[in-house]
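Open the model in your viewer and keep the selection tool ready. We will go from one residue to its chain, then to the other chain.

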Amino acid sequence: MKHQIWLYLAVMAAVCYAIRVLPLTLLRKRIRNRFLRSFLYYVPYVTLSVMTFPSIIEATRSPVAGGAALGFGILLAWMGAGLFPVAASCCAVVFVLEWFLVSA
Amino acid sequence: MRFLQEHRRSLRLGARDGVPIGLGYFAVAFSLGIAARNAGLTAIQGFFLSFFGMASAGEYAAITVIAANASYLEMALVTLITNARYLLMSFALSQRMDPAAPLRHRLFVGYSITDELFGIAVARPVPLDPWYCYGSYLVAIPCWASGTAVGVIAGNLLPARVVSALSVALFGMFIAVVVPPAKRDKVIGLFALLSFGASFAASRLLPMLSGGTRTILLTLLLSGLAATLFPVPDDTETQKEVDV
């Protein structure tokens, strides 16, 4: 069965909003459980890393270009570049490399 | 109009700080729009995806769920996991708002907690003026949502070469969020590398798992492992979560 995109979006919107608003409205105390706090502390970085690789080498037409963008992005961010410069540089790396690696 | 005069300063401050964020959002949202188009979303659907999602990682994960034609339950779980960090930010903001702040402000401020907008909000004095947040939201949200819609439309018109290059903007942003804390906290760096390896291995060894399921399972597993082996000290401030 083919699912409805609008229903998918409604489910996403409801969950997203609940996550953002429930703590703000219902709970005003700090989380005390150490495991839970540690878990929530690591979640964003693990999630983002899992989603970045290997997807980045599958999103580009040449996996080599995607891999190079990953390496260059890490290097730039390590040196202190912000969100937008890193994202733009990754695009530039792929654009330039694919000029040589992919025909047409 | 007295109402506007009272809050004009905060609104303007928020809007000013929202401009660079909005510009960055537009570019990344464009790349998200390309992914959304590939999953079969229309420009209007892309607009609402971003208007309600307000999260690059969460929306990208949602797009993979749609592309895989997975169940609505999986959509709910994937959304929960990929946006779990906003739960923590929402807790942090709840400590910074005036305890007497009315419910309607809490409902609106919470709506657009993102890494960046939360980042500028916690940099403001306590108690946080909700109108500052609204100023930044008014600039950043339209940029984000319209960027996605434009990506869905223009992704069709652009040469394949350019689309291929722009499709990594999103990942570039993810990298820029992960690397600075990884530099400061070696455990984060270690687990980022472990995540790369585990994600790659899972995509090759367990190809029947959809991208979204892979994200959920590995996030639960690796974050749980990190929290067990390297629990964070009690004095770790929630601001430590945020680097953008």
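Start by selecting A:Leu24, which is found in helix 1 of chain A. (Helices are DSSP runs of H or I with at least four residues, strands are runs of E with at least two, and both are numbered from the N terminus.) This is a predicted model, where local features need pLDDT of at least 70, side-chain atom pairs count only at pLDDT 80 or more, and totals for chains, interfaces and linings use all residues. Residues are numbered from 1 along each chain as its sequence is written, while chains are lettered from A and ligands numbered from 1 in the order in which they are written.

**Around A:Leu24**

Is A:Leu24 buried or exposed? A:Leu24 is buried, because 28 other C-beta atoms lie within 10 Å. (Buried takes 20 or more such atoms within 10 Å, exposed 12 or fewer, and partly exposed lies in between; C-beta atoms are placed from the backbone.)

Now show what A:Leu24 touches, leaving out residues up to four places away in sequence: B:Ser90, B:Leu93, B:Ser94, B:Arg106, B:Val109 and B:Gly110. (Contact means C-beta atoms, placed from the backbone, within 7 Å.)

**Across to chain B**

Show both chains. In chain B, 87 residues are in contact with 65 residues of chain A. Select helix 10 (residues 169-184) of chain B: this helix gives the most to the side that touches chain A, with 14 residues.

Finish at B:Ile175. Leaving aside neighbours within four places in sequence, B:Ile175 is in contact with A:Thr52, A:Leu70, A:Gly73, A:Ile74, A:Ala77 and A:Val86. B:Ile175 is also among the residues that touch the most other members of the largest nonpolar core, which has 120 residues. (Such a core is a set of buried Ala, Val, Leu, Ile, Met, Phe, Trp, Tyr and Cys residues joined through C-beta atoms within 7 Å.)

Notes:
Contact = placed C-beta atoms within 7 Å.
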